[in-house]
Amino acid sequence: MGRPLKIAMIGHKRFGSREGGVEVVVTELSRRMAALGHDVTCYDRSGVDVMTGDQTTARESIVDGVRVVHVRTIDKKGLAALSSSFFATFAAIRQHPDVIHYHAEGPCVPLRLAHLMGIRTVATIHGLDWQRAKWGKLASTYIKLGEKAAAKKADGLIVLSRSAERYFKDMYGRDSIVIPNGMDRKIPRPADFIASTWGLSEGDYLLFLGRLVPEKRPELLIEAFKGLDTDKKLVIAGGGSDTSDFELHLHELAADDPRIVFTGFVSGKPLEELYSNCFAYVLPSDVEGMPMSLLEAMAYGRCCVTSDIPECADVLAGNGVTFEKGSAESLRDVLRDLLARGEHVSQLGIAAKAHVEKAYTWDSVVSRTLAVYEGEAR
């Protein structure tokens with residue numbers, strides 16, 4: 001390991017949270033870098049965890065060796081990320097870190113301020129966020145400003161996929177470094193809590209797990225599933241994100257099919273059991289960066305079905321099944337075929353687990369990210 005670095009993390013919601021993939025990545029990087037002897041500070045948003053309802057405190061704390069600082073946040077749609085990233089940047093600059101690591105496009109807007117102060121900046125683009133359906137024209141324009149700041153001013157630019165690498169090269173002439181997310185090895189859990197709570201047993205349900213937002217297309221999965229002649233259930237696990245009307249719409253779509261089960265946000269033991277016991281995991285997204293839920297499902301040895309967008313297909317690398325993006329009919333055909341081929345489903349799950357354990361390790365992610373901090377990666 002090189003010299004100990006003073007590192008600031010900005011752009012996530014809350015350290016230790018599972019509100020999204022960004023939070024998982026920031027938490028893993030921070031914990032592991034702190035364990036290696038680096039001085040890591042996470043600048044968290046103030047407010048309420050949208051998944052658990054937990055209220056943050058104003059106190060600074062040390063968690064798993066990581067300094068956690070809560071910064072002022074205007075808790076309104078479209079303003080939370082904007083306000084917190086600026087206040088976090090001001091707070092970080094005062095601490096004179098060796099590097100500020102920005103996560104996601106919108107929070108990169110104030111990256112220019114850190115750059116002007118002579119602080120090394122690194123940006124990780126977790127996805128082209130301006131494409132997400134929940135943002136209106138004004139918000140999308142602001143997010144693109146963050147993308148441009150990252151492309152033009154960041155000392156190091158990290159992307160999660162080859163398609164994102166091509167995008168920044170074509171759009172800005174900017175070289176980036178592909179560092180995919182990591183994943184720990186997973187131990188399957190028997191159906192215990194999920195059996196007593198939702199009546200679920202091993203292999204008797206399909207699983208969607210993620211934020212209930214339009215770009216993940218859970219309504220497409222519901223439409224495809226309702227046309228299947230099967231005794232298996234469809235479990236929709238996750239909570240909304242600025243889109244409570246959309247979540248209500250999903251419940252209305254599923255109201256006439258008793259096979260469809262909504263669990264709400266899950267974590268801990270229920271989450272582990274849902275992954276461990278599903279017949280197949282389905283992610284029908286139109287837009288992704290690099291979905292952590294997909295990596296997790298593969299790590300649990302599940303057969304995975306995704307849309308054919310590169311961000312998902314590249315992760316599967318042939319160890320799963322894809323369908324035509326946006327097509328309920330294509331998704332229904334794929335699911336119908338898998339439901340008739342149980343042995344094939346098991347084989348795909350075994351292959352998926354082996355692939356993730358070989359290709360996506362946190363040790364590699366951490367070492368390569370630290371190299372970017374030092375200006376050594378190419």
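Which residues does Leu207 touch, not counting residues up to four places away in sequence? Select Leu207 and you will find Val235, Ala237, Leu274, Tyr275, Cys278, Ala280, Tyr281 and Val282 around it, where contact means heavy atoms within 4.5 Å.

Before moving on, a word on the model. It is predicted, so local features need pLDDT of at least 70 and side-chain atom pairs count only at pLDDT 80 or more, while totals for chains, interfaces and linings use all residues. Residues are numbered from 1 along each chain as its sequence is written, and side-chain values use heavy atoms, with hydrogens and water left out.

**The cores**

Stay with Leu207: together with Tyr281, Leu207 has the most contacts inside the largest nonpolar core, a set of 88 residues. A nonpolar core here is a set of buried Ala, Val, Leu, Ile, Met, Phe, Trp, Tyr and Cys residues joined through side-chain atoms within 4.5 Å. Buried means under 20% relative accessible area, exposed over 50%, and partly exposed in between (1.4 Å probe, protein chains only). Now colour helix H1 (residues 21–35), which gives the most to this core, with seven residues. Helices (H or I, at least four residues) and strands (E, at least two) are DSSP runs, numbered from the N terminus. A second, separate core has 28 residues, including Ala8, Ile93, Ala151 and Val178.

**Two crossing helices**

Next, show H4 (residues 137–153) with H5 (residues 162–172). They pack at an angle of about 85 degrees, with axes 11 Å apart. Axes are lines fitted to C-alpha atoms, for helices over the stretch in contact, and angles run from 0 to 180 degrees between N-to-C directions. The pair is therefore roughly perpendicular; angles under 35 degrees count as roughly parallel, over 145 as roughly antiparallel, 65 to 115 as roughly perpendicular and the rest as oblique.

Move to H7 (residues 218–226) and pick Glu219. Is Glu219 buried or exposed? Glu219 counts as buried, at 17% relative accessibility. Leaving aside neighbours within four places in sequence, Glu219 is in contact with Pro214, Phe246, Leu250 and Leu253. Seven of the nine residues of H7 are buried, so this helix is largely enclosed by the rest of the structure; among them are Pro218, Leu221 and Phe225.

Step back to Arg217, in the loop between strand S9 (205–209) and H7. Arg217 is not a glycine, yet has a positive phi of about 55 degrees. Most residues other than glycine have a negative phi. Arg217 is buried, at 18% relative accessibility.

For another positive phi, also about 55 degrees, select Asp64, in the loop between strand S3 (61–63) and strand S4 (66–71). Asp64 is partly exposed, at 46% relative accessibility.

**Last stop: cysteines**

How many disulfides are there? The count is zero, taking a disulfide as a pair of cysteine sulfur atoms within 2.5 Å. Select Cys303, buried at 2% relative accessible area: the closest cysteine sulfur, in Cys304, is 6.6 Å from its own, too far for a bond. Finish at Cys312, buried at 0% relative accessibility, whose sulfur is 9.8 Å from the closest cysteine sulfur, again in Cys304.
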